[in-house]
Amino acid sequence: MSNNKHYDIEKDLRYLTLLSHTFPNVAEASTEIINLQAILNLPKGTEHFLADLHGEFSAFQHVLKNASGNIKRKVNEIFGNEIRDVIKRDICTLIYYPEQKLELVKAQESDINEWYYIMIYRLVRVCRDVSSKYTRSKVRKALPPDFSYIIQELLHERTDDQDKAAYVEGIIETIIDTGRADDFIIAICHVIQRLAIDKLHILGDIFDRGPGAHLILDMLKGFKDWDIQWGNHDILWMGAAAGNDACICNVIRLSLRYANMATIEEGYGINLIPLATFAMETYKDDPCTVFIPKTSGGAEEMDAKSSRLTAQMHKAIAVLQFKVEAQIFKKHPEWQMLNRCVLENIDYERKVYVVDGKDYEMKTCCFPTIDPEDPNKLTTEEEELMDRLHHSFMMSEKLHKHIRMLLSHGCMYSIVNHNLLFHASVPLNDDGTLRKVNLYKDRWYSGHELMHQTGLMIRSAFQGDSDPEESLYARDYFLYLWCGPESILFDKSKMATFERYFLTDKTMYKEEKGNYFKLRDDERIVDGILDAFGVEGKDRHIINGHVPVHASSGENPIKANGKLMVIDGGFSQAYHAETGIAGYTLVYHSRGFQLVQHEPFTSEEDAVKKGTDIKSTTQIVEMSAHRMLVADTDKGEDLKHQIADLKELLYAYRHGFIKEKR
């Protein structure tokens, strides 16, 4: 061994001594090297990419349960022509919804024990297949304690071995005879669901539009390996939880707009009675026609009285939002958003909106809470209302628990297995070069440094040890991230909320997209971004969400010669008429990428009773010439470093630098 090696060991002795506490002798260090080396040769685990869930819990749950068709693909491969398609569909439905499907089967089957016997065999075959790419240790950790030993035995004993066939049959018969068949089937179906996906990536926007964002986050608590790249709607809720009043108003306004109040009221216990009381009194003589909630997602079930109250509340919170936003814009002129102090542009005498000397007709000019001399000033009643809403958001324990989840699992961007993940945009100049953005006090950043520093600023709003001045700025900055022209989560000329509500001229609704959205079809531009973020490898990609793909008009989600993929999930019902589909999800398994285009999900009841699934079309994006192994992944690189460290430890043991322990 060279002198250099001797020097390295001495230099790293403190680290190796710490490592020796875990692997106290040559035998244990050697065994770990063998284990890690074996893992490197396993197939790469399946990654599942979803984006823009927008509170649609039922559709999200179904996509997660079926792994974007991955389980259906496995069932088809395993059983081939052995059984009819209708039986394969029943197997899939049972795996997705075991509790509900079992109730249906027991009401219909004449010989339930025979059904149990056949189905348990089939489920074990599926479970054996989905677990084949994992170590026994990892599979064991995914098993429920009650059936861990039994499932392990069934997975690792082959029925084609005559000596073991009776043993396996005996296990299954005993499960049925002891009345545990239902419990066992439910347990193994949940194991199949868990093992079908190794890692889940959510590219932002869990919140808004749909009614079940809180349910999605509750479900994610039980998912072992997931991450999120924050989206603009997530940031809006994080800003509300941090105490940004403009974000609070926006969150409530969006919920009222789509008549989906479940997350706010039932999920987080936010008290909206003060808003309802204020709105009924203030807008009792206003028809609030333009504020009638959108019909998708539940509003169609509202009666006239409820719809009227929702519209009044909707207008009240919108006006309050425009006032509070303007106060923050004036506080930060460096954002160059003073032109978005929209209430100042209204000529209240002539009842027109004035921009650059041009008059625009207004749909309504009924603003009982606005003083034309000081349009951004809150009335006494509005101040009291804002204080109560602020207090309600600050006191919601479950909301803050979920925000802590987003902080612990999330960031602005991530680089995973040669893929750059972020929700929306990288600000670019007209020529496609990275644009520098003033984040705070003339601190200018671009590209990955802009995203990294933005992430640090977001976290500072929730950390008690942060600089107070910076923490307060961070709280305000959530509003800029939501609607600022150079925001990495918005990147448009303006958010035309006011214009859509109040102006008749639709040309004023236009939101000019930033250069990233204009240039991302260009492979050269995408390569430049990947280079700037340090993403290496010949098969590297950017994966985005944020902007729905208009499949009905021929838009392709695959851009820049395959180097950029847009997978806006399109889960929100509000998008379906516009896009013609329910969006895309992406699966990256050991054979390559598969992009899955979905039709809208009907209901869990249809899935169970009729065996309907999310209809999907799978598009092969990129297939690898060889089956990818763990060694080809980021995890593989980590394991190789661990192996190298353990070899250093072996050298230290064998040359007396560290003494072995029993």
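**Group meeting: cores, helices and salt bridges**

I start with lysine 106, which is partly exposed, with a relative accessible area of 34%. On the cut-offs, buried means under 20% relative accessible area, exposed over 50%, and partly exposed in between, with a 1.4 Å probe and protein chains only. The model is predicted: local features need pLDDT of at least 70, side-chain atom pairs count only at pLDDT 80 or more, and totals for chains, interfaces and linings use all residues. Residues are numbered from 1 along each chain as its sequence is written, and side-chain values use heavy atoms, with hydrogens and water left out.

Back to lysine 106. Its side chain meets that of glutamate 103 in a salt bridge, at 3.7 Å from N to O. A salt bridge here is a side-chain nitrogen of Lys or Arg within 4 Å of a carboxyl oxygen of Asp or Glu. Glutamate 103 is exposed, with a relative accessible area of 52%. Both residues lie in helix 7 (residues 98–108), three residues apart, about one turn of the helix. Helices (H or I, at least four residues) and strands (E, at least two) are DSSP runs, numbered from the N terminus. An α-helix has 3.6 residues a turn, so residues three or four places apart point the same way.

By this rule, the salt bridges number 37. Aspartate 129 forms one with lysine 74, the closest N and O atoms being 3.2 Å apart. This pair links distant parts of the chain: aspartate 129 sits in helix 8 (residues 112–130) and lysine 74 in helix 5 (residues 70–79), 55 residues apart. Aspartate 129 is partly exposed at 27% relative accessible area, whereas lysine 74 is buried at 12%. Lysine 518 and glutamate 512 also meet through their side chains in a salt bridge, at 3.2 Å from N to O. Lysine 518 counts as partly exposed at 47% relative accessibility, and glutamate 512 is partly exposed at 37%. Elsewhere, salt bridges that share partners join Glu523, Asp527, Asp531, Arg540 and Lys563 into one network.

Now helix 5. Which of its residues are buried? They are Asn70, Ile71, Lys74, Val75, Ile78 and Phe79. Seen down the axis of helix 5, these fall within an arc of 145°, so they line one face of the helix; the arc is that of the directions from the helix axis to the C-beta atoms. The cover over them includes helix 4 (57–66), helix 6 (85–96), helix 8, helix 12 (181–196) and strand 15 (584–589), where contact means heavy atoms within 4.5 Å. After helix 5 comes glycine 80, with a positive phi near 45°.

Next, the cores. A nonpolar core is a set of buried Ala, Val, Leu, Ile, Met, Phe, Trp, Tyr and Cys residues joined through side-chain atoms within 4.5 Å. The largest has 192 residues, of which Ile95, Leu123, Ile206, Leu220, Ile252 and Phe498 touch the most other members. Its largest share, twelve residues, comes from helix 18 (residues 304–331). Apart from this core lies another, of 20 residues, among them Leu16, Leu36, Ile39 and Ile658.

Three strands form an open sheet in the order 4-5-6, with antiparallel pairing; two strands pair if DSSP finds at least two bridges between them. Strand 4 (346–347) and strand 6 (358–361) are the edge strands, each pairing on one side only. Strand 4 pairs with strand 5 (residues 352–355) over two bridges, and aspartate 347 has valine 352 in strand 5 as its bridge partner.
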